[in-house]
Amino acid sequence: MEIDEFRCHNCKVCLGTGCLDELPGMGGVNKNENFRLNVSAWDRLYAEEGEGKVPELSEEEILSLLRYAPVTGAVENIGWEDEEDFYYDFFVAVHKAGVKLSLGDGTPDSKLLYGINAIKEMQKQYGKNYKAAVFLKPYPDENLTNRIAWVMPVASHIGIDIDAYNIVTMRNKVHLEKKSAYQIKELMRHTKVPFIVKGVFTREDIEMVKEAKPDVIYLSNHGGRVETRKGSTALLLKEVGSMLKNYCKEIWVDGGVRNKKAIELAHYYGASQVLVARPFIKNYCYNGIIGIDEFLK
């Protein structure tokens, strides 16, 4: 594959300045405003906490917190030649780096099915207990119930990706829904693994998960790619993380994590898992490997 086919601009550090408004692609809406705020907030908050206040973590501890965030659309968003070919090789590379996996949903259904098949192939190599956190788009409930059945053999967790509702083109194309706390509770009844609500970012979202009480509350603004309130996930975690722990078992967070300090800060603010996507995708596109060195500096 020719390098110039990739949607990622291979910036030295992924700050959200090289792919402005590129959606599809690696960017987001509003000139990547929330993408850039996500990145900058971690360094700013770390400095505000003061030298020595945030405990340093070992490489083993960092890896225990780190998970690849769900991404689909390898062709339109990443620039990969073939959607199906991307998943298995990329997932194996993530696994070999010692990083836990997530699997995303998409349209057409083949995107989810390709990811499921990749995990099933990995189960042949690494054992049937090898699984990933799976995130489904907020389709109508009947469709979601079917998808939950599809993913159960490969799912360590199942999540509903509520922030995907803000992808206007997809919402209109496949009839995504804004889910209520009642609907979330009903979906939880169909799963036998921990249930995640991903995309909690607004006050409305927070009130909904306080009522629904999922196993995991996942703070995310879809990588700064969608229309939502202005702000960063890092600041939101600092503001509401401790309070939200009263309504769930774990807090997960993504958005703008680019180094070890950001992971340490997320853990300090109460996150049990820290999810990263763009840097891993960039390294894989240009190097054919997944490196975690940048998180350990």
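## Cavities, pockets and ring contacts in a predicted model

The structure holds 2 cavities of 30 Å³ or more. A cavity is defined on a 1 Å grid over the protein atoms alone, as a set of points where a 1.4 Å probe fits but cannot get out, while a pocket is an open set with protein on both sides within 12 Å along at least five of seven lines; lining residues have an atom within 4 Å of a point. Grid points are joined across faces, edges and corners, and a volume is the space filled by probe spheres set on the points.

This is a predicted model, in which local features need pLDDT of at least 70 and side-chain atom pairs count only at pLDDT 80 or more, whereas totals for chains, interfaces and linings use all residues. Residues are numbered from 1 along each chain as its sequence is written, and side-chain values use heavy atoms, with hydrogens and water left out.

The table gives the volumes of these spaces.

| Space | Volume |
|---|---|
| Largest pocket | about 930 Å³ |
| Second largest pocket | about 240 Å³ |
| Largest cavity | about 120 Å³ |
| Second largest cavity | about 40 Å³ |

### The pockets

The largest pocket is lined by 43 residues, and those that lie nearest its centre are Leu 23, Asn 77, Ile 167, His 222 and Arg 225. At least two lining residues come from each of helix H3 (74-78), helix H7 (168-174), strand E8 (273-276) and helix H12 (278-287), and H7 gives the most, with 4 residues. Helices (H or I, at least four residues) and strands (E, at least two) are DSSP runs, numbered from the N terminus. By class, this lining has 18 nonpolar, 13 polar and 12 charged residues; here Ala, Val, Leu, Ile, Met, Phe, Trp, Tyr, Cys and Pro count as nonpolar, Asp, Glu, Lys and Arg as charged, and the others, Gly among them, as polar.

The second largest pocket is lined by 18 residues, with Ile 162, Lys 178, Thr 202, Glu 204 and Asp 205 nearest its centre. Helix H9 (residues 203-212) gives the most to this lining, with 4 residues, and the lining divides into 5 nonpolar, 6 polar and 7 charged residues.

### The cavities and the cysteines

Around the largest cavity there are 14 lining residues, of which Cys 8, His 9, Cys 11, Cys 14 and Cys 19 lie nearest the centre, and the lining as a whole divides into 7 nonpolar, 5 polar and 2 charged residues. A search of the whole structure finds 0 disulfides, a disulfide being a pair of cysteine sulfur atoms within 2.5 Å. The sulfur of Cys 14 has that of Cys 19 as its closest cysteine sulfur, but at 6.2 Å this is too far for a bond. Cys 14 counts as buried at 17% relative accessibility, and Cys 19 is buried as well, with a relative accessible area of 8%; buried means under 20% relative accessible area, exposed over 50%, and partly exposed in between (1.4 Å probe, protein chains only).

The second largest cavity is lined by Leu 136, Leu 144, Ile 148, Ile 158, Gly 159, Ile 160, Leu 187 and Phe 195. Helix H6 (141-151) and strand E4 (155-161) are the elements that give two or more residues to this lining, and E4 supplies the largest share, 3 residues. The lining has 7 nonpolar residues, 1 polar residue and no charged residues.

### Aromatic contacts

A search of the whole structure finds 15 aromatic pairs, where rings of Phe, Tyr and Trp (its six-membered ring) pair if their centres lie within 6.5 Å, and planes under 30 degrees apart count as stacked, over 60 as edge-to-face and the rest as tilted. The rings of Tyr 218 and Trp 252 have centres 6.2 Å apart and planes at 55 degrees, so the pair is tilted. Because Tyr 218 lies in strand E6 (residues 216-219) and Trp 252 in strand E7 (residues 250-254), the pair ties together parts that are 34 residues apart in sequence. Tyr 218 counts as buried at 0% relative accessibility, and Trp 252 counts as buried at 1%.

Ring pairs also link Phe 6, Tyr 68, Trp 80, Phe 86, Tyr 87, Phe 90, Phe 91, Tyr 284 and Tyr 286 into a cluster.

Lys 198 lies over the face of Tyr 218, at 5.5 Å from the ring centre, and Arg 278 lies over the face of Phe 35, at 3.6 Å from the ring centre; a charge sits over a ring if NZ of Lys or CZ of Arg is within 6 Å of the ring centre and within 35 degrees of the ring normal.
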